Amino acid sequence: MPDERILIVDDEEGILDLCLQALSREGYQIWSARNGLEGIELAKKHDFDLVLTDIKMPGMSGLELFQAIQQSNPDIVGIIITGYGSMESAIQALKLGMDDFLLKPFSLNELKAAVAKALSRKRLEKENERLKALIPLFQLSQTFITVTDLDMLLKQVLQLAAQETAANLGVLMLKNEDSGRLEICGLVTEQGAQPPSPEYRINDQLVWNALQSGQPIIWRAGPGQGSFLVSESINKRITTAVALPLVVKEEKIGVLGLCKEKKEHAFMRSDLELLSVLASQAAIAIQNARLFTRLRNAYEQLKELDRMKSDFISTVSHELRSPLHSISGYVQLLLDGKAPDEATRQECLEIIYRQTQHLTNLINDLLDASRMESASLVLQKEPVQMYTAVQEVIAELEPLAEQAQITLTHNLAPALPTVFGDKERLKQVVRNLIHNAIKFTPKGGHVTISATVEPGRIVISVQDDGIGIPPEALPHLFERFYQVDSSATRRAGGTGLGLYICKQIVVAHGGEIWVKSKVGKGSTFIFSLPL
Ligand code: ADP
């Protein structure tokens, strides 16, 4: 077959030339060397299909040369050129793995026939191996279609890859979908699947090479080769390894690594072919399993949102009904003339006024949340003196704190920096946080507002020594409609929109918001704004 690569090694110039010319005419690519060492140097640079070598050469014998090349190229075919005198060594060479011999003197036809026969036998063997290799792949593709659990899938891919290539160790690294960083997600050793440990990470350079080239990268232990795995001690045991890129539709999702510990077991070309097919199938299956998980999570979230929305409708109806009841009750009282004196009438009007304020706030929250959902929150940005803004909110809420017998204090320095933002929206955040702190702190409690300046940002916190929040609720607090399921929440009323709105406003300003809390000890809500 044209293009197959042949290395000819002989110290007899005449034979070397003859073979070179005869085989070049057949369309093979030929390299020649005059001794074993030269031959080995060439084999380091080129991936030969066949070596045709004299048996007896000064320095290194043909058999030694063949065995040296075989270490890094286990698929190489070897033909030995021998005279009657060295027949015994030639037979020994055949026993030790060389494929055929040519007895001197030989004709050109004998030479061509021996080369063609050895190569075609190798091709047949390879074809046979390829077909055999397809069987586990068929079995695997069945698994790939049905397994949607990612961990299970990774385990099966690694086990099959290690088993079919007789590797001692298999490592699977995948890109984290959020951070884009490669993380070790699967590990098998001879003892079976193991919890992935960062010690088994594949060397960054090799990972990069595999991902960049889209090709398997073969690594062999040796001076100047670096290490395959990051852990020196584990790496010491490995003699050869391969890193295969996992690619789906040009997206590089990870790397599959397989390592062998014993020298005589290099990866064969057929191993690499099997691994390449396996890697491409596995990549698709992994992507599918990830999609499936994302879909299932999205479905669960939708269900949860649906549940929260139904809860929300009943909460809102209740929240609207109570002030309306109160308003209509007091209006009725006034209409019926049942408020005997001016002071009582004044008191009725004040209650009506407070309840309409409450309704207005509620409706504003609902409108805000819906605006934020449709991403149409418009900020009127200007330089905002944070000290003044926070002071104004504190002054507004002092009567409420007093009524609830809560001590509302602050330790703000008047020289707080100016933030470029929407003053009313930023006040809304502070108002919501202080209001919540008052709502969820029993009589006699304390609410303190503080601010610190850090490099590039101002950090404002609202701390209370109230009822606190259970740890399982903390990750959900800033979600729409979320309310902690407690009697205190029900007593306090509300819609579960306040913190959601706070977060949207803070994020729209390029800041962050978070919370620390302990049940029974109190909560601290903190937000930062860039300066
Ligand atoms: P709501 O209108 O229900 O107060 P928020 O989004 O402002 O909605 O708050 C969501 C929930 O978080 C509240 O229902 C309450 O259970 C809890 N929460 C908020 N702030 C505090 C706090 N300072 N202390 C204890 N729980 C709080």
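Biologist: How many residues of strand 4 are buried?

Modeller: This is a predicted model, so local features need pLDDT of at least 70, side-chain atom pairs count only at pLDDT 80 or more, and totals for chains, interfaces and linings use all residues. Residues are numbered from 1 along each chain as its sequence is written, and side-chain values use heavy atoms, with hydrogens and water left out. Buried means under 20% relative accessible area, exposed over 50%, partly exposed in between (1.4 Å probe, protein chains only). For strand 4 the buried count is 6 of 6.

Biologist: Which residues of strand 4 are buried on each side?

Modeller: In a regular strand the side chains alternate between the two faces of the sheet. Strand 4 has both faces covered. One side holds Val 77, Ile 79 and Ile 81; the other holds Gly 78, Ile 80 and Thr 82.

Biologist: What is the strand order of the open sheet?

Modeller: Strands are DSSP E runs of at least two residues, helices H or I runs of at least four, both numbered from the N terminus. Two strands pair if DSSP finds at least two bridges between them. Strand 3 (residues 50-54) and strand 4 (residues 77-82) run parallel, joined by 5 bridges. Five strands, in parallel pairing, give the order 2-1-3-4-5.

Biologist: Which strands are at the edges?

Modeller: An edge strand here pairs on one side only. That leaves strand 2 (29-33) and strand 5 (100-103).

Biologist: Which residue is the bridge partner of Ile 79 in strand 5?

Modeller: Strand 4 and strand 5 pair in the parallel sense over 4 bridges. The partner of Ile 79 is Asp 100.

Biologist: Which strands does helix 3 touch?

Modeller: Contact means heavy atoms within 4.5 Å. Helix 3 (residues 62-72) packs on the sheet. Its contacts are strand 1, strand 3 and strand 4.

Biologist: Why does Pro 58 count as exposed?

Modeller: Pro 58 lies in the loop between strand 3 and helix 3. Its C-alpha is 7.2 Å from that of Asn 35, 23 residues apart along the chain. Pro 58 counts as exposed because its relative accessibility is 57%.

Biologist: Which residues touch the most other members of the largest nonpolar core?

Modeller: Such a core is a set of buried Ala, Val, Leu, Ile, Met, Phe, Trp, Tyr and Cys residues joined through side-chain atoms within 4.5 Å. The largest has 51 residues. The top ones are Met 386, Ile 434, Ile 449, Leu 477 and Phe 527.

Note on methods: Axes are lines fitted to C-alpha atoms, for helices over the stretch in contact, and angles run from 0 to 180 degrees between N-to-C directions.
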